[in-house]
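Visitor: I have just opened this entry and would like a friendly tour. Could you show it to me first?

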Amino acid sequence: MNRPPFGKSLSRRNVLSSLAAIPAVALLAACSDSGEQAKAADVKPADPAAPAKPATPAAAQVPESQGNVDMAELLKPGALPDKQLGKDDAKVTIVEYASMTCPHCAHFAETTFPDLKTKYIDTGKARYILREFPFDPSAEAGFMLARCAKDNYFPMVDVLFRQQANWVGVSNTKDALLQISKLAGFTQESFEACLTDQKLLDDVRSVQKRGANEFKVDSTPTFFINGKTYKGAMSIEEMSAIIDPLL
């Protein structure tokens, strides 16, 4: 597990220029390797004769928690307002710290989150909060663009995760991000204005530093579910095994 370079300071101009030459290996190494893929081995097949039938949540092993945090402290406002899906009074609160350049975070967003949203968030059983934990300038830029997308924060995050291979580690990350951003309604001017917003950059970094210093986040994705800590990308079966007893 790697920790982000908190001490490194980038000027607003360097945030843009540095996007063009970041080695892919550095971005991939920044992520936790503990949750590289949904642990299908932990889920027993429903029936050998019917392989298309999904396993039930009860078949999944309950992931082991890596610790506890004070939920009241965790939910205190930070430098940026939390981006949330779901009802405030839901019985289960899920806080995820993620990095936009982390392949494990993208894997979770593509394979687990849609089912999590349908099964628990949309039904009012859980609320989900995403917090920024960038390890590199590209991840900072991705989160800044998502914040600049205003009400389209989550759709922008979703697009950037799904398009991750097209902008992370490529020869010119800035141009790749610009093309994706234009599809989301950004212009050249609004794109550059967003990525030269020094206060927004400082606030994104503040969210990251708080996660590390106060809640011991040191890898992505890291989840806090009703005060318990879980590290690594989990399958929907594993998340169900955690959430269902809390309902």
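Visitor: Where does helix H5 lie, and at about what angle does H5 run to E3?

Guide: Welcome! Keep in mind that this is a predicted model. Helix H5 covers residues 113–121 and lies across E1, strand E2 (92–98) and E3. Its direction against E3 is about 140°.

Visitor: Which strands does helix H7 lie across, and at about what angle does H7 run to E3?

Guide: Helix H7 is made of residues 153–162. It lies across E1, E2 and E3, and its angle to E3 is about 65°.

Visitor: What is the order of the five strands in the open sheet?

Guide: The pairing in this open sheet is mixed. Neighbouring strands are turned by 20° against each other on average, direction ignored. Read across the sheet, the order is E1-E3-E2-E4-E5.

Visitor: Why is one side of E1 and of E5 left without a neighbour in the sheet?

Guide: Strand E1 (83–85) and strand E5 (228–231) stand at the edges of the sheet. One side of each lacks a neighbour there because each has a single partner strand.

Visitor: Which residue in E3 is the bridge partner of Leu85?

Guide: E1 pairs with strand E3 (residues 126–132) in the antiparallel sense, over three bridges. Leu85 has its bridge partner in E3, and that partner is Tyr128.

Visitor: What share of the chain's residues is buried?

Guide: The chain holds twelve helices and five strands, and it has 247 residues. Counting a residue as buried when its relative accessible area is under 20%, the buried share is 50%.

Key
Residues are numbered from 1 along each chain as its sequence is written. This is a predicted model: local features need pLDDT of at least 70, side-chain atom pairs count only at pLDDT 80 or more; totals for chains, interfaces and linings use all residues. Side-chain values use heavy atoms; hydrogens and water are left out. Two strands pair if DSSP finds at least two bridges between them. Helices (H or I, at least four residues) and strands (E, at least two) are DSSP runs, numbered from the N terminus. Axes are lines fitted to C-alpha atoms, for helices over the stretch in contact, and angles run from 0 to 180 degrees between N-to-C directions. Contact means heavy atoms within 4.5 Å. Buried means under 20% relative accessible area, exposed over 50%, partly exposed in between (1.4 Å probe, protein chains only).
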